Amino acid sequence: MIGKILLGATMATAVVMKDGVIEVNVQEKRPDGSHVHLYLPGTVATWGVHLAPERRIAEHLRGKQQDLAIAHLALRELEKIPGADLVQVDSPREHVNVAIRNGSLVVDVDDPGETVHVRMPIRAARKVIEDLQADAGGPST
Amino acid sequence: MPASQTRRTILLAALALVASALLLVVLLRAAPAAQAAQAPAAAAAPSGAERWLHVKVDSTDDRDERVRVNVPLSLARTVLNSVQHGKLDHGVVHIDHIHMDDVDVRGIVKALKSAQDGEYVTVEKHDCTVHVSKQSGMLLIHVTDHGAAKHDRADADQSEHPRRHQNVDVRVPLEVADALFSGSSDELNVGAALDLLARHEKIELVSVKDGEQTVHIWMDTKTTQD
């Protein structure tokens, strides 16, 4: 039994280690506002692309090969950055921060309506783009 | 102890060992990452490191807004050189006319490149002063827009949005300006200009100051604006 648990924990760790963790946290500020907070292994994002019908993806991505290639190049460059604040906007009403932290693109928005925190491992995003490029029939950069 | 139980014990021990090793790997990887999160690369990078373009905008008007943008130059160059859309074609911007009020900017840059240091252009109008000079291989442009200060006071008072006193300073290495105009007459080679800009380690590029807003654009090897 302990062996199975350890094996499961090992597999789970391996999955999480592979592509990191996607975090989404949205908190509405009104009294009965909703709060969504979820963690997903980054690998799930690539599974999503594989689960979607290839033909439909190809239809939607027709003529978008260049956009995907640019996104892929940009993500590859961002992956090299160890950590930095890319964009910060501060005003009395809202705060926006886009940063790279430990290989993840982190977006924080705090405005009068809600606070949003999204963490997306860049490696996972790049793999999604690579899968989409393959489905769209474009060359991988 | 029966043989099957021994095998099971050995298997469990092996699994525990593998799990421990993985846990150790996770912790070892997490430790430097946690350190990096506490001090996110604030220190200056060594020479030859990545160049960063920084934009800093501070508004002191009723919006009271503060904007900070930090972009690695390699990212800007890579993206710019791969985009082919509209008038942007792999780092080259196609424009209809490079002449501004019949002033041949391309010719002026070429002439300035071989000229000695000094002030070359001075334009003084009632509401605006422009100085263009060359200093240590840099093209310096200083514009002072006197705005409402030298305008008819009555007109300025009547206006809902009177013009503000504004100072604009632009500093561009002449080689960068030359690279910008290195293509044909109807294009700007932004990609080549960025390539040459990346050879500089630290450079102040643009500074705009007026009563309500300051804009500052510069490049260095730091990831932060400290």
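Strand 3 of chain A is joined to strand 4 of chain A by a hairpin of 4 residues. The model is a predicted one. Strand 3 covers residues 83-90 and strand 4 covers residues 95-101, and the two pair in the antiparallel sense over 7 bridges. Within this pairing, Val89(A) has Val96(A) in strand 4 as its bridge partner.

On to the next hairpin. Strand 4 of chain A also pairs with strand 5 of chain A (residues 104-110), in the antiparallel sense and over 7 bridges. Here His95(A) is bridged to Asp110(A) in strand 5. The hairpin between strands 4 and 5 of chain A has 2 residues between the strands, and Asn102(A) in the turn has a positive phi of about 50 degrees.

## Helices 4 and 5 of chain A

Helix 4 (residues 65-79) and helix 5 (residues 122-136) of chain A pack with their axes 9 Å apart, at an angle of about 155 degrees. Angles over 145 degrees count as roughly antiparallel, so helix 4 of chain A is roughly antiparallel to helix 5 of chain A. The crossing of these two helices is left-handed.

Residues of helix 4 in this contact include Leu68(A), Ala71(A), Leu75(A) and Arg76(A), and those of helix 5 include Ala125(A), Ile129(A), Glu130(A) and Leu132(A). The contact residues of the two helices comprise 9 nonpolar, 3 polar and 5 charged.

## Chain B overall

Chain B contains 6 helices and 12 strands. Of its 226 residues, 12% are buried. Among contacts in chain B between residues at least 6 apart in sequence, 52% join residues at least 24 apart.

Notes:
Residues numbered from 1 in each chain as written. Chains lettered and ligands numbered in written order. Predicted model: local features only at pLDDT ≥ 70, side-chain atom pairs only at ≥ 80, totals over all residues. Buried ≥ 20, exposed ≤ 12 C-beta atoms within 10 Å, placed from the backbone. Contact = placed C-beta atoms within 7 Å. Pairing = 2+ DSSP bridges. Axes fitted to C-alpha atoms, helices over the stretch in contact; angles between N-to-C directions. Parallel < 35°, antiparallel > 145°, perpendicular 65-115°, else oblique. Left-handed = near helix turned anticlockwise from the far one by under 90°. Nonpolar A, V, L, I, M, F, W, Y, C, P; charged D, E, K, R; others polar.
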